[in-house]
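User: I am new to this structure and would like a short tour. Could you begin with a term that I will need later?

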Amino acid sequence: MSYRVKMLWDAEADVWVATSEDVPGLVLESGSFDALLERIKYAIPELIELNGQKPSAYNITFLAERNEQVAVYG
C-alpha cells in the first residue's frame, strides 16, 4: 500500500501539521520537521490497524509545504 501525507507549516502556531486523506485519523503536529516525520512513521501502522487494514508493507509519500513572507529592504 501507498499513503500520502501532507505536512504544512502553521506559522501562527509555530508547528508542522501532518494530515492524510489515505489514513483516517492521522493528525499530528510538532515544532520539528524531523520529529514529525518519525512520529508519522510510528502512527501510520497503528492507525491502519485501527481502521481494519493489515498491510504487510507500505510506502509513505511526504508532501511538505511552507510559505514565508519575506521583507524587501533597499
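Analyst: A salt bridge is a side-chain nitrogen of Lys or Arg within 4 Å of a carboxyl oxygen of Asp or Glu. Please note also that this is a predicted model.

User: How many salt bridges does a search of the whole structure find?

Analyst: The search finds two. In one of them, Arg66 pairs with Glu68, and their closest N and O atoms are 2.6 Å apart. Arg66 is partly exposed, its relative accessible area being 44%.

User: Which residue forms a salt bridge with Glu38?

Analyst: Glu38 forms a salt bridge with Lys41, with the closest N and O atoms 3.2 Å apart.

User: How are Glu38 and Lys41 placed in helix α1?

Analyst: They are three residues apart in helix α1, so about one helical turn separates them. Glu38 counts as partly exposed because its relative accessibility is 38%. Lys41 also has 38% relative accessibility and therefore counts as partly exposed.

User: Changing topic, what is the order of the strands in the sheet?

Analyst: The four strands form an open sheet in the order β3-β2-β1-β4, and the pairing is mixed. At the edges are β3 (27–30) and β4 (59–65), each of which pairs on one side only. On average, neighbouring strands are turned by 20° against each other, direction ignored.

User: In what sense do β1 and β2 pair?

Analyst: They pair in the antiparallel sense, over five bridges. Trp9 stands opposite Trp16 in β2.

User: What does α1 touch when it packs on the sheet?

Analyst: Helix α1 touches β1, β2, β3 and β4, and its direction makes about 160° with that of β3.

User: And where is Asp14?

Analyst: Asp14 lies in the loop between β1 and β2. Its phi is near 60°, a positive value in a residue other than glycine. Most residues other than glycine have a negative phi.

Note on methods
Residues are numbered from 1 along each chain as its sequence is written. This is a predicted model: local features need pLDDT of at least 70, side-chain atom pairs count only at pLDDT 80 or more; totals for chains, interfaces and linings use all residues. Side-chain values use heavy atoms; hydrogens and water are left out. Two strands pair if DSSP finds at least two bridges between them. Helices (H or I, at least four residues) and strands (E, at least two) are DSSP runs, numbered from the N terminus. Axes are lines fitted to C-alpha atoms, for helices over the stretch in contact, and angles run from 0 to 180 degrees between N-to-C directions. Contact means heavy atoms within 4.5 Å. Buried means under 20% relative accessible area, exposed over 50%, partly exposed in between (1.4 Å probe, protein chains only).
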